[in-house]
Amino acid sequence: MSLKIIVLAKQVPDTRNVGKDAMKADGTVNRAALPAIFNPEDLNALEQALQLKDQHPGSTVSLLTMGPPRAADIIREGLFRGADGGVLLTDRAFAGADTLATSYALACAVRKLKNYDIIIGGRQAIDGDTAQVGPQVAEKLKIPQITYAEKIIKADNDKVTVKRRLERGIEIVECKTPVVITVNGSADDCRPRNARLIQKYKYAKTISERQNQDNDYFDKLYESRPYLNLTEWSVSDVDADLNQVGLAGSPTKVKSIENVVFQAKESKQLSGSDNEIDELMKELIVNHTIG
């Protein structure tokens, strides 16, 4: 049984380096001012997809991401780790999208890709922490969803068996395909880059990236090796409604962000003796910190 798997992945700003220039006047993230990384839980999702590919010969894994042209780095990272291809949704009209507009654009792209079995994404992105995009994509595609997945145990006979990690325990659930699955950070870490795949795909680029190359050698290279041509789609390519993408389709508005640094004003050191711990517990109960 071969599977067609789509991985929803996002290039996010590194939130460990948020400064005063992190936002623009319109309330959107100033991504040019922040280092960009592969969203961590999307890497967990990619690993689950690659494990399914290993288990089912003939399966394909394609990444789908939305962002500025530099977000093509996400597709290359996927290729370096074992994915088969990817699509970058990039268009000025997509800019400033909240989860509603993002999920709409992704759903439009998935419909164009067609004949998918499983869509996998991270539970949430570190730049928003909403955990909404995956479920919203499922709703727009009118297919079932499994959230908080920690392990895709198996996929056969047009159904998947998934282990979910919840606050108070675990669940084992089954679901018919096609299905959207969102993956927790507690899932297996993504495998490292493969040196052979890095050499194969290091020149893989989108048409926008290639416009900066004025070289006959590269023109011949992309002609002779079509796998180096990364797919790039605009709003019109996925037949999206301009009123439902980007800022126009985003009811969520961010007024400001604040960088908070916690500093301890008072501290107490304990030796670890039973008496000291007992006294500390009494103090915390009295001031209602616990209990």
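Reader: Which residues form a nonpolar patch on the surface, and what is their accessible area together?

Author: This is a predicted model, in which local features need pLDDT of at least 70, side-chain atom pairs count only at pLDDT 80 or more, and totals for chains, interfaces and linings use all residues. Residues are numbered from 1 along each chain as its sequence is written, and side-chain values use heavy atoms, with hydrogens and water left out. A patch joins residues with over 30% relative accessible area and no salt bridge, like charges within 9 Å and nonpolar side chains (Val, Leu, Ile, Met, Phe, Trp, Tyr) within 5 Å; a salt bridge is a side-chain nitrogen of Lys or Arg within 4 Å of a carboxyl oxygen of Asp or Glu, and areas come from the Shrake-Rupley method with a 1.4 Å probe, only the protein chains shown counting as cover for residues. The patch consists of Leu-270, Ile-277, Met-281, Ile-285 and Ile-290, and together they have about 400 Å².

Reader: Is Ile-285 buried, partly exposed or exposed?

Author: Ile-285 belongs to helix 8 (residues 274-286); helices (H or I, at least four residues) and strands (E, at least two) are DSSP runs numbered from the N terminus. Buried means under 20% relative accessible area, exposed over 50%, and partly exposed in between (1.4 Å probe, protein chains only). With 47%, Ile-285 is therefore partly exposed.

Reader: In what order do the nine strands of the open sheet lie?

Author: Two strands pair if DSSP finds at least two bridges between them. The pairing in this open sheet is mixed, and the order is 9-8-7-10-6-1-4-5-11. At the edges, pairing on one side only, are strand 9 and strand 11 (231-233).

Reader: Which residue of strand 10 is the bridge partner of Ala-149?

Author: Strand 7 and strand 10 pair in the parallel sense over three bridges. The partner of Ala-149 in strand 10 is Val-183.

Reader: What is the phi of Asn-115?

Author: Most residues other than glycine have a negative phi. Asn-115 lies in the loop between helix 3 (99-113) and strand 6 (118-122), and counts as exposed at 66% relative accessibility. Its phi is positive, near 50°.
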